[in-house]
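Hi,

Here is the structure I promised to pass on. Have a look at it first, and then read my notes below.

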Amino acid sequence: MPMRVAFSCDHAAVHVHNEVMEMIKSSGTATSVVYMGPDSEQSVDYPDFAAPVCEAIQKGEVDMGFLLCGTGIGMSIAANKYKGIRAALCHDHVTAFLCRNHNDANVVCIGERVCGLEVIRDIILTALTTEFSHGERHMSRLSKVKTIEEHQRC
């Protein structure tokens, strides 16, 4: 089912943002896609660009987000600080499939320096076309994650 998608990156991946946007738009899997910056290769701080994607998901403005940086690690750490965000660092087709099918990830983080454009394309298309299985064991685990999130004080 088509979804609303937000995408952002840091300076390490900004040079592929046009290709990623076009790929998402042409895939037919998204009803809308919004790019949330940056617009140059000038050094930026990844938390500043993870924030608008995560906040858009929290507000219900988009259904899913993609965050790219050099390794994907920084974006993943930043995104997982937001309540209700289940960000997964993916590096191939299998991790993209499982993060959606088993973990209902709503943010996919990717390392541009680690994966390259063809693998990024596969990760994104896999994530966009894979649905959560809703299996009892997966629902139980996500419920436990939600309980941790609700009781943790930061």
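Predicted model: local features only at pLDDT ≥ 70, side-chain atom pairs only at ≥ 80, totals over all residues.

Helices (H or I, at least four residues) and strands (E, at least two) are DSSP runs, numbered from the N terminus.

Residues are numbered from 1 along each chain as its sequence is written, and side-chain values use heavy atoms, with hydrogens and water left out.

Now the sheet. Its 5 strands form an open, parallel arrangement in the order E2-E1-E3-E5-E4 (two strands pair if DSSP finds at least two bridges between them). E2 (30–35) and E4 (87–90) are at the edges with a single partner strand each, so one side of each has no neighbour in the sheet. From one strand to the next, the twist averages 20° (axes are lines fitted to C-alpha atoms, for helices over the stretch in contact, and angles run from 0 to 180 degrees between N-to-C directions). E1 (residues 3–9) and E3 (residues 64–69) are joined in parallel by 5 bridges, and cysteine 9 has leucine 68 in E3 as its bridge partner.

Helix H1 (residues 17–27) lies across E1, E2 and E3, at about 165° to E2. Histidine 17 belongs to this helix and is buried, at 13% relative accessible area (buried means under 20%, exposed over 50%, partly exposed in between, with a 1.4 Å probe and protein chains only). Beyond its neighbours within four places in sequence, histidine 17 is in contact (heavy atoms within 4.5 Å) with Phe7, Cys9 and Tyr35.

What about the nonpolar core, meaning a set of buried Ala, Val, Leu, Ile, Met, Phe, Trp, Tyr and Cys residues joined through side-chain atoms within 4.5 Å? The largest has 30 residues, and Val20, Ile24, Phe66, Leu68, Val108 and Ile124 touch the most other members. H6 gives the most to this core, with 5 residues. A second, separate core has 18 residues, including Ala6 and Val53. Setting aside neighbours within four places in sequence, isoleucine 24 has contacts that include Val5, Phe66 and Leu128.

Cheers
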